[in-house]
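Here is a friendly walk through one protein model. Have the viewer open and follow along from strand to strand.

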Amino acid sequence: MRKWLLLALAVAMMSILIACGSNNGNSKVEPPIEVSEDEIASGTLEIVASNWEFDKEYYAIRAGETVELTVNSIDGVHGIEIFDTEYNNIVNNKPTQITITEPGTYNIRCSIPCGQGHRTMVSKLVVVA
Ligand SMILES: [Cu+2]
């Protein structure tokens, strides 16, 4: 009887651990995006936003390197949120220094309710090791 209890406990613990492991799934994209050297921004990064899209499917920076990120809204009013980081509202035309130390692929979405296409305004930020 006690053995079963221990087993049940072990199984419960395992599933909690597994659940936790996949919980930071926000920044994990399968399959990983392969980025070429010349796609990695150095110094500055511009994200161009319009109604209702960003100009690229993904952007890339290097882990631990500070980049001045500018959101340039050419049509409508937009900003960006980079999931799982402190950068949850980088607004239009306000250059912001960003540094992300953890390599991975981070989801980006528009941070300003901007109308009917708002929910589809997404992109990704690849942080290269
Ligand atoms: Cu929006």
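Glutamate 46 stands opposite threonine 70, a residue of strand 4. Strands here are DSSP runs of E with at least two residues, helices are runs of H or I with at least four, and both are numbered from the N terminus. Strand 1 (residues 44–50) pairs with strand 4 (residues 67–73) in the parallel sense, over 6 bridges; two strands count as paired if DSSP finds at least two bridges between them. Please keep in mind that this is a predicted model, in which local features need pLDDT of at least 70 and side-chain atom pairs count only at pLDDT 80 or more, while totals for chains, interfaces and linings use all residues. Residues are numbered from 1 along each chain as its sequence is written.

Strand 3 pairs with strand 9 in the parallel sense, over 5 bridges. Within strand 9, lysine 124 is the bridge partner of tyrosine 58.

Along the sequence, the protein chain reads α-β-β-β-β-β-β-β-β-β, that is, 1 helix and 9 strands.

**The core**

What does the largest nonpolar core hold? It has 20 residues, and those with the most contacts inside it are Ile47, Ile80, Ile82, Leu125 and Val127. Such a core is a set of buried Ala, Val, Leu, Ile, Met, Phe, Trp, Tyr and Cys residues joined through C-beta atoms within 7 Å. Strand 1, strand 3 (58–62), strand 4, strand 5 (79–82), strand 8 (104–110) and strand 9 (122–128) each give two or more residues to this core. Residues up to four places away in sequence aside, leucine 125 touches Tyr59, Ile61, Ile82, Tyr106 and Ile108; a contact means C-beta atoms, placed from the backbone, within 7 Å.

A residue is buried if 20 or more other C-beta atoms lie within 10 Å of its own, exposed if 12 or fewer, and partly exposed in between. Buried residues make up 19% of the 129 residues in the protein chain. Of the contacts between residues at least 6 apart in sequence, 64% join residues at least 24 apart.

**Two exposed loop residues**

Glutamate 57 lies in the loop between strand 2 and strand 3, and threonine 120 in the loop between strand 8 and strand 9. Glutamate 57 counts as exposed because it has 10 C-beta neighbours inside 10 Å; threonine 120 counts as exposed with 10 C-beta neighbours inside 10 Å. Leaving aside neighbours within four places in sequence, glutamate 57 is in contact with Ser123 and Lys124.

| Residue pair | Apart in sequence | C-alpha to C-alpha |
|---|---|---|
| Glutamate 57 and isoleucine 108 | 51 residues | 9.9 Å |
| Threonine 120 and tryptophan 52 | 68 residues | 7.1 Å |

**Confidence**

The average pLDDT (the predictor's confidence in each residue, from 0 to 100) is 88 for the protein chain, and 79% of the residues score at least 70. Over residues 19–25 the pLDDT is below 50, and this stretch has 1 contact in the model beyond near neighbours in sequence. Where pLDDT is low, the predicted coordinates should not be read in detail.

Terms used:
Contact = placed C-beta atoms within 7 Å.
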